[in-house]
Amino acid sequence: MECETNRERAVAYVRMSTDQQDYSIKNQMEAIEEYAEKNHLEITEIFKDEGKSGVQLKGRAAMVSLLELVKSGKADFKHLLVYDVSRFGRFQNADEAAFHEYEFNRAGIYVHYCAEEFINDGTAISSWFKMGKRLEAGSYSRNLSEKVFRGQCNLVRLGFRQGGTIGYGLRRMRVNAQGEHLGILEKGQYKAIQTDRVVQVLGPEEEVRIVRWIYDSFIKRGKSEREIAELLNRKGIKTDLGREWCAASVLQILTNEKYIGNNVFNKTSGRLSNLRSFEKRRVIKTDREQWVRAENVFPAIIDASTFRIVQSIINERTRKYSNEELLDKLKKLLSCRGKVSGILIDEEEWMPSSAVYSHRFGGLLRAYELIGYSPQKDYSYIQINKYLRNLHACILEKMETGFEKYGALVEKNIVEDGTRWINREIKIMLNVSRCRRMGSGRSRWVIRLERLDDVDFFIIARMNSDNKTIKDYYLISRFDRESIDSKINEENGFFMEAFRHDDMDWFYQIFSRTHISTLIK
């Protein structure tokens with residue numbers, strides 16, 4: 001029997017990918033150890049790459065370390081034992097696999113494929129076998145990549161999410177084969193059962209409100225992404241990744257279809273089937289035609305029309321028209337159609353959207369005015385609403401002064417314009433109700449009470465018939481919200497009259513602070 005000291009030194013390389021359990025580390029080592037025993041080789045070290053793809057060298061720390069050791073000339077072994085050609089690597093270029101094997105051979109180290117039917121002895125026959133196996137290994141990865149991609153596409157069309165961060169205001173929900181919700185997946189958590197799937201659901205109410213505020217600020221207030229980010233950071237609100245906001249993170253929310261409930265997949269691709277054999281694997285942007293889309297499969301935070309308005313504004317920035325060019329196009333439309341409206345503007349492919357005109361000129365009516373067009377329909381309410389929006393801010397400022405006059409602490413909430421915290425105890429919300437003239441000549445006011453559970457009091461400023469001055473106020477608590485009629489007439493019953501006040505001074509006084517002195521005798 002030959003002594004153990006006469007055995008030549010060898011190292012083993014094993015790699016566990018995620019495609020087949022037959023190639024587990026344990027199984028590979030059993031075959032390698034059996035091969036070493038038959039060929040009188042002593043395994044002195046094992047190099048392991050666990051859960052690593054063999055498509056490229058990058059990321060395979062054990063193989064990289066092994067190659068560096070060989071190149072340094074410090075390797076103290078003569079043999080490298082690998083389970084088979086595919087475990088050495090499923091390189092997409094067969095020449096790359098041959099090159100790395102050549103680096104071992106040049107250092108006097110022989111590579112053994114322990115589970116292959118051929119002997120790797122450098123003969124023409126073994127070289128032909130190896131080349132075939134290398135091509136087969138690379139082809140297997142490409143075919144597997146394509147099968148996985150097709151499966152992902154089918155799941156997307158069925159309304160299931162496929163990878164990627166979920167995004168601010170949204171959450172991942174695990175569901176079983178029957179579609180039953182099994183619980184929210186937190187960051188870093190993944191489904192463990194193969195038959196389970198993941199769907200998109202709405203996140204916490206506060207985050208949903210912030211997403212809507214971002215869209216509202218961009219469209220109605222004309223805030224840029226940078227300005228919105230600064231406001232959010234000033235309030236101490238973090239992104240879904242726990243970072244401060246920047247223009248790019250705001251833009252991502254403004255442009256991603258998942259916020260209108262669409263499931264969009266394959267915007268980028270790293271599929272092997274998209275690459276030629278000599279190219280390095282990389283992620284590339286795909287053409288819009290290649291995107292896989294399922295519409296209205298998830299709960300939406302933003303409605304589709306609002307989303308389209310935002311996209312029109314953003315697209316207009318990339319194809320910048322001057323004011324003169326925009327007005328010339330509007331004049332051309334007027335000449336062709338004899339009239340102009342938001343619907344007609346949006347119908348014409350050669351026209352920028354109505355949202356662009358509204359955003360650029362501060363409203364469609366102003367754009368019409370600049371080309372000398374007066375629509376027959378009475379649009380005066382648009383100007384009134386614009387005036388009331390500005391008045392809303394003035395009333396809030398006046399209210400803040402009223403509360404502070406009596407020593408109350410007033411805090412703003414940038415996400416909910418119109419709300420204020422008083423003494424960090426009571427939350428109020430202001431609404432301004434426009435006076436509407438009915439066909440009978442009488443007036444009516446509409447009350448809209450937001451469904452916000454944390455608002456304690458709703459203050460309704462009712463406007464006079466000129467819609468420039470305040471007629472009176474209605475103060476409604478959250479407990480009375482369900483009992484209130486949404487419409488107020490000129491004359492109302494005793495019940496509604498109980499909520500009406502000529503001014504708010506008495507309400508401010510309720511929150512005054514009194515210093516209590518303790519007398520020590």
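User: Why does Phe 457 count as partly exposed?

Analyst: Phe 457 has 24% relative accessibility. Buried means under 20% relative accessible area, exposed over 50%, and partly exposed in between (1.4 Å probe, protein chains only). The value of 24% falls in between, so Phe 457 is partly exposed. This is a predicted model: local features need pLDDT of at least 70 and side-chain atom pairs count only at pLDDT 80 or more, while totals for chains, interfaces and linings use all residues. Residues are numbered from 1 along each chain as its sequence is written, and side-chain values use heavy atoms, leaving out hydrogens and water.

User: How many aromatic pairs does the structure hold?

Analyst: Ten aromatic pairs. One of them joins Phe 403 and Tyr 508, with centres 4.9 Å apart and planes at 65°.

User: What makes the pair of Phe 403 and Tyr 508 edge-to-face?

Analyst: Rings of Phe, Tyr and Trp (its six-membered ring) pair if their centres lie within 6.5 Å; planes under 30 degrees apart count as stacked, over 60 as edge-to-face and the rest as tilted. At 4.9 Å the rings of Phe 403 and Tyr 508 pair, and at 65° they are therefore edge-to-face. Phe 403 sits in helix α14 and Tyr 508 in helix α16 (residues 505-510), 105 residues apart, so this pair links distant parts of the chain. Helices (H or I, at least four residues) and strands (E, at least two) are DSSP runs, numbered from the N terminus. Both Phe 403 and Tyr 508 are buried.

User: What kind of pair do Phe 457 and Phe 507 form?

Analyst: Edge-to-face again: 5.5 Å between centres and 70° between planes. Phe 457 is in strand β17 (residues 457-463) and Phe 507 in helix α16, 50 residues apart. Phe 507 has a relative accessible area of 2%, so it is buried. One aromatic cluster takes in Phe 403, Phe 457, Trp 506, Phe 507, Tyr 508 and Phe 511.

User: Why is His 392 called buried?

Analyst: Its relative accessible area is 17%, so His 392 falls under the cut-off for buried. His 392 is in helix α14 (residues 380-405). Neighbours within four places aside, His 392 contacts Gly 418, Leu 430 and Val 432. Contact means heavy atoms within 4.5 Å.

User: Is Ile 343 buried or exposed?

Analyst: Exposed, because its relative accessibility is 63%. Ile 343 lies in helix α11 (residues 342-347).

User: Why do Lys 220 and Asp 216 form a salt bridge?

Analyst: Their closest N and O atoms are 3.3 Å apart. A salt bridge is a side-chain nitrogen of Lys or Arg within 4 Å of a carboxyl oxygen of Asp or Glu. So 3.3 Å qualifies. Lys 220 is exposed at 65%, and Asp 216 is partly exposed at 22%. The structure holds 19 salt bridges.

User: Which residues join Arg 500 in one network?

Analyst: Start with the distances. Arg 500 bridges Glu 497 at 2.8 Å and Asp 502 at 2.9 Å. Salt bridges with shared partners join Arg 462, Asp 472, Glu 497, Arg 500 and Asp 502 into that network. Glu 497 is partly exposed at 35%; Asp 502 is exposed at 56%.

User: Which residues have the most contacts inside the largest nonpolar core?

Analyst: Ile 214, Tyr 215, Trp 245 and Tyr 259, in a core of 28 residues. Helices α6 (205-219), α7 (225-234), α8 (247-255) and α9 (304-318) each supply at least two residues of this core. Helix α6 gives the most, with seven. A nonpolar core is a set of buried Ala, Val, Leu, Ile, Met, Phe, Trp, Tyr and Cys residues joined through side-chain atoms within 4.5 Å.

User: What is the strand order of the open sheet of three strands?

Analyst: The order is β15-β16-β19, with antiparallel pairing. Strands β15 (435-437) and β19 (487-489) each have a single partner strand, so they stand at the edges.

User: How many bridges join strand β16 to β19?

Analyst: Three bridges join β16 (residues 443-446) to β19. Two strands pair if DSSP finds at least two bridges between them. The strands β16 and β19 therefore pair. Trp 445 stands opposite Ile 488 in β19.
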